[in-house]
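This report gives a short account of one protein model. It starts with a single residue and then turns to the whole chain.

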Amino acid sequence: MATGDQLLVVIDPLARRTDGEAVRIAKDVLSAGAASTKVCLPEGPEEFARALSRRGSRRPVVVGDDRALLRAVAHLHRRRELAGCALSLVPVGSALGLAHSLGVPTGAVAAARAALDGVERRLDLLVDDSDGVVLGALRIPALPGVPPRDPPGAGGATTGGRPAGGPRAGGEPGPGRDTHPGSGGVKDPGSAPQTGAGTGTGTGAGPEAGAGPEVGSGTGSGRGSRPGDGSADGCASPSSGHHSWLRAWPQSLARTLSTRPAIPARMSRPLRPSRIRVAAGGGVGPARLRVEVDGVIIVDLDQPVEAVSITPYAHGGAAVEIRPVSVGAEAGPLHATGHRVTVSGADFRYRADSLVAGPVRTRTWTVREAAWGLTLPG
């Protein structure tokens with residue numbers, strides 16, 4: 001039997017691509033159970049936000065995964081409209097851990113029925129100092145076992161274990177190989193002597209081939225110009241004697257690059273002692289962070305920590321758990337509860353729900369109790 005609700009059903013594009021059948025079932029159940037239903041099929045985040053902004057008096061129902069729910073809550077928070085708007089969610093997609101932890105039914109039919117007949121539950125919200133929102137758990141560091149990525153270009157002096165621009169493996173010639181058309185290794189006895197830089201091996205051919213091959217070493221110590229050559233490293237061209245240096249400088253550059261030692265990737269940028277590091281076993285090493293809860297320092301920079309987690313919905317604020325590096329067998333995690341949590345350190349990342357943010361040097365999260373509403377089964 002249809003209810004008196006007027007619904008705005010916003011179907012996330014990723015949900016349509018992931019499970020079109022579940023989307024169709026949810027749309028049919030919502031359309032049959034509500035007095036009036038308007039279905040929106042946005043193609044991107046801008047259209048998604050525009051549909052929510054123009055909802056009017058309709059109650060929004062989001063069909064999508066955790067990221068779609070986060071996008072809806074963040075948009076309504078920026079518009080300061082969370083207090084007067086109760087959201088409903090039909091979870092469709094692959095990232096559904098947050099939806100399940102909040103109590104949303106897993107099936108499309110059950111979730112659609114909960115959106116129609118459920119009750120609104122007011123939930124706490126974590127808001128950071130950049131106006132970002134966190135609905136569920138927050139963890140520092142963000143990804144166990146994954147170090148911060150090097151900036152673009154770090155360690156770029158080597159390519160595949162060899163210096164960039166140097167000679168290739170397996171005897172393949174480098175940039176200094178004689179490729180000038182018509183040279184063929186035949187020398188003009190009327191030219192002046194030259195000494196060039198080469199990275200390949202050139203063997204003369206033609207009438208004077210019997211005099212022996214000309215060899216340019218792999219490190220760029222090429223020789224092989226007879227008097228009157230007018231060329232560099234076997235690039236003979238009778239008409240370009242005055243500009244032979246134009247052909248010689250790429251080979252000289254290749255020689256310079258090939259003789260420079262490769263810079264190890266781990267030394268491509270300065271090491272910072274407070275950066276989260278990867279241990280030898282593949283896990284994340286300790287970091288030095290300062291954690292304050294309601295102005296009280298729980299752990300300072302002199303105590304390395306393995307992980308920090310912040311979770312709303314605790315009685316009296318957010319639950320903070322800190323796992324310091326164990327000093328003794330009796331050492332365990334530290335627990336605190338408060339409304340304002342500040343974490344500071346050097347370039348740390350954090351995972352907020354299903355998103356990774358950072359690096360940042362300091363971040364403050366404030367608990368706003370009963371800040372947003374979600375329709376759940378009664």
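## Asp-294

Asp-294 is partly exposed, as its relative accessible area is 44%. The model is a predicted one. Asp-294 sits in the loop that runs between β11 (290–293) and β12 (296–299). Although Asp-294 is not a glycine, its phi is positive, at about 55 degrees.

## Ala-370

A second residue with a positive phi is Ala-370, which is not a glycine and has a phi near 50 degrees. Ala-370 belongs to strand β17. Its relative accessibility is 39%.

## Cis peptide bonds

The bond that links Ile-140 to Pro-141 is cis, and its omega is near 0 degrees. Pro-141 lies in the loop between β7 (138–140) and β8 (158–159).

Another cis peptide bond leads from Gly-358 to Pro-359, with omega near 5 degrees. Pro-359 is part of strand β17, which covers residues 355–376. Ala-370 is also found in strand β17.

## The protein as a whole

The protein has seven helices and 17 strands. It consists of 378 residues, and 40% of them count as buried. The accessible surface is about 19300 Å² in total, and carbon and sulfur atoms account for 55% of that surface.

Contacts were also counted by separation in sequence. Of those between residues at least 6 apart, 65% join residues at least 24 apart.

Definitions and conventions. Residues are numbered from 1 along each chain as its sequence is written. This is a predicted model: local features need pLDDT of at least 70, side-chain atom pairs count only at pLDDT 80 or more; totals for chains, interfaces and linings use all residues. Side-chain values use heavy atoms; hydrogens and water are left out. Helices (H or I, at least four residues) and strands (E, at least two) are DSSP runs, numbered from the N terminus. Buried means under 20% relative accessible area, exposed over 50%, partly exposed in between (1.4 Å probe, protein chains only). Contact means heavy atoms within 4.5 Å. Accessible areas come from the Shrake-Rupley method with a 1.4 Å probe; for residues, only the protein chains shown count as cover.
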